[in-house]
Amino acid sequence: MDSPSDAEAIGRSLDEPEAFGLLYDRHAATVLRFLGRRVGADAAEALLGELFRIAFERRKTFDAARETALPWLYGIGSNLLLKHRRAEARRLRASARMAAADHAADRRTSAAASDARVLFPRVADAIDSLPDAERAALLLFAWEELPYESVAEALELPIGTVRSRLNRARARLRELLEPNGKGRDISR
Amino acid sequence: MKPVDLAKKLRREAAFEPAVLDRGKAALMAAIRQEVQPRRRPTIIPRLPYENVGAALSFLERAFGFREVAAARGVRADGAIDYTMVEFGDGMIGLGAQGAHGAFSPKRAGTASQYITVHVDDIDAHHQRAVASGAEVVSRLHDHLRDYRVYEALDPEGHRWRFLQWLREVPQSERR
């Protein structure tokens, strides 16, 4: 077979462990970018190694009916990221400052600039203060652009739960972005 | 702007050194190779003949705390275990069906021609477990010259096992 599926490669790695290297060749770059967006380059490099070693140890539990192992790897990564909340919060705040600066440069109006300087840090705080499970689902959806099915696979949840979790995350963001509580009245 | 779109504005790529992926691959493959490296096997492995290898195996695991080396198991057409190996500490012993290689179980031969010494960390706990599992103790647990604490027991087919724990620090070279 020229190009085995992820499931076939994992199956083969049960007898020939080095066959697991194919999973790395295929997905490491994607997974590394995901980790980098969340915690920055240095922490991401360390986590990448940990993630693939955990995946290797758990390879027996991979559901062979799945076409690609990527959501499974995102899931392991999402769990690992929980131990790096501080790095994640730091990066969010830095990203907020940069987004505000970009925004100001775009508009070149002092009103927009000051709005952005207020708005983006609030978005960062709002994301940071989401419950872990909602933040994980929201960022897989918004940053990694995974469809609901893949978020569900990654977090090992029924798709309905993913939907309600994302709705809760949206509602909470809206709420947190409206300091006076006006946000509660905005219709969906 | 919708909340998800605002969240998207904070998505920012991290800048990686180009070698990160290669380093990661090398580390992963090294970890995989180390993980699956078979334990170095001792250069001498005695093999004990049994009439019923399966029953002997389950007794040795239960009573003496040995662990089967699963990869070593050979099974006959009728499903019975033909041969296998057990390990304990850094030692290893094979169990095989009697008759092969001209060796017979003491149960059939009427006598054993050897006994086996096993060094353990907690002789009292080991003894207790063996007795509770039905091992026939043929030399009671006792201290020998303040050197070591020892007992001997038979397995169900009459192979004789001698378990001992040193009571003081003794260099490997002086042990017996």
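Is A:Glu134 buried or exposed, and what is its relative accessible area? In this predicted model, A:Glu134 is buried, with a relative accessible area of 4%. Its side chain meets that of A:Arg172 in a salt bridge, 3.0 Å from N to O. This pair links distant parts of the chain, 38 residues apart: A:Glu134 lies in helix α7 (residues 132–142) of chain A and A:Arg172 in helix α9 (residues 159–177) of chain A. A:Arg172 is partly exposed, at 30%.

Over all chains, the structure holds 27 salt bridges. One of them joins A:Glu18 to B:Arg33, with the closest N and O atoms 3.7 Å apart. This pair crosses between chains, from the loop between α1 (6–13) and α2 (21–39) of chain A to helix α2 (residues 20–36) of chain B. A:Glu18 is partly exposed at 41% relative accessibility. B:Arg33 is partly exposed, with a relative accessible area of 41%. Within chain B, B:Arg160 bridges to B:Glu152 at 2.6 Å between the closest N and O atoms. B:Glu152 counts as buried, at 16%, and B:Arg160 as partly exposed, at 30%.

The structure holds 13 aromatic pairs over all chains. One of them, B:Phe66 with B:Trp161, is edge-to-face, at 5.3 Å centre to centre and 65 degrees between the planes. B:Phe66 lies in the loop between α3 (53–64) and β2 (67–68) of chain B and B:Trp161 in strand β9 (residues 160–166) of chain B, so the pair ties together parts 95 residues apart in sequence. Both residues are buried.

How values were computed. Residues numbered from 1 in each chain as written. Chains lettered and ligands numbered in written order. Predicted model: local features only at pLDDT ≥ 70, side-chain atom pairs only at ≥ 80, totals over all residues. Heavy atoms only, no water. Phe/Tyr/Trp six-rings, centres within 6.5 Å; stacked < 30°, edge-to-face > 60°. Helix = DSSP H or I, 4+ residues; strand = E, 2+ residues; numbered from the N terminus. Buried < 20%, exposed > 50% of the residue type's maximum accessible area, 1.4 Å probe, protein only. Salt bridge = Lys/Arg side-chain N within 4 Å of Asp/Glu carboxyl O.
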